[in-house]
Amino acid sequence: AYHAARSKTIITPFLKDVEVYFASEPDWLRLVEAAATSAAQDESTTQYATSIGCSRGVSGFVLHTVPVALQAWMRHSQDYAAAVQSVIACGGDADT
């Protein structure tokens with residue numbers, strides 16, 4: 001939210017913060033970086049969800065829900081409704 005409030009370009013500053021806070025969690029960092037790359041390439045949230053194994057919908061598993069939510073936020077940082085709709089379109093545990 002901090003980055004979205006400050007700028008329309010959020011991916012790079014957000015990743016810099018994530019790299020500092022999660023340097024000791026390489027698996028988590030890899031997922032967040034993949035979400036950022038997907039958003040930067042304007043890949044749909046559904047396509048990203050499919051790429052992390054959620055082709056039948058997003059599960060309630062934190063390593064699925066958080067990266068999908070982050071990808072949607074990074075892709076639609078200035079349009080909350082579009083971000084929410086893109087996650088709903090993935091199906092599954094979209095309310096999480």
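## Packing of helix α5

The buried residues of α5 pack against α1 (2–6), α2, α3 (26–40), α4 (45–51) and α6 (80–88), where contact means heavy atoms within 4.5 Å and buried means under 20% relative accessible area, with exposed being over 50% and partly exposed in between (1.4 Å probe, protein chains only). These buried residues are His64, Thr65, Pro67, Val68, Leu70, Gln71, Ala72, Trp73 and Met74. Helices (H or I, at least four residues) and strands (E, at least two) are DSSP runs, numbered from the N terminus.

This is a predicted model, in which local features need pLDDT of at least 70 and side-chain atom pairs count only at pLDDT 80 or more, whereas totals for chains, interfaces and linings use all residues. Residues are numbered from 1 along each chain as its sequence is written, and side-chain values use heavy atoms, with hydrogens and water left out.

The helix α5 has 14 residues and reaches 20 Å from its first C-alpha to its last, close to the 20 Å expected at 1.5 Å a residue; the expected span is 1.5 Å times one less than the number of residues.

## Aromatic pairs

How many aromatic pairs does the structure hold? There are two, counted where rings of Phe, Tyr and Trp (its six-membered ring) have centres within 6.5 Å, with planes under 30 degrees apart taken as stacked, over 60 as edge-to-face and the rest as tilted. Phe14 and Trp73 have ring centres 5.1 Å apart and planes at 80 degrees, so they form an edge-to-face pair. This pair links distant parts of the chain, since Phe14 lies in helix α2 and Trp73 in helix α5 (residues 62–75), 59 residues apart. Phe14 counts as buried because its relative accessibility is 14%.

Phe22 and Trp28 also form an edge-to-face pair, with 5.9 Å from centre to centre and 65 degrees between the planes. Trp28, at 18% relative accessibility, counts as buried, whereas Phe22, at 32%, counts as partly exposed.

## A nonpolar surface patch

Phe22 also belongs, with Val20 and Tyr21, to a nonpolar surface patch of about 350 Å². Patches are made of residues with over 30% relative accessible area and no salt bridge, like charges being joined within 9 Å and nonpolar side chains (Val, Leu, Ile, Met, Phe, Trp, Tyr) within 5 Å, and accessible areas come from the Shrake-Rupley method with a 1.4 Å probe, only the protein chains shown counting as cover for residues. Val20 lies in helix α2 (residues 11–21) and, at 62% relative accessibility, counts as exposed.

## One salt bridge

Side chains of opposite charge can pair when their charged atoms come close. The count here comes to one salt bridge, defined as a side-chain nitrogen of Lys or Arg within 4 Å of a carboxyl oxygen of Asp or Glu. Arg75 forms it with Asp42, the closest N and O atoms being 3.0 Å apart. Because Arg75 lies in helix α5 and Asp42 in the loop between α3 and α4, the pair ties together parts that are 33 residues apart in sequence.

## Single residues and their contacts

His64 in helix α5 counts as buried at 19% relative accessibility. Leaving aside neighbours within four places in sequence, His64 is in contact with Ile52, Cys54, Val58 and Ser59.

Ser86, in helix α6, is buried with a relative accessible area of 12%, and, not counting residues up to four places away in sequence, Ser86 touches Thr45, Thr46, Ala72 and His76.
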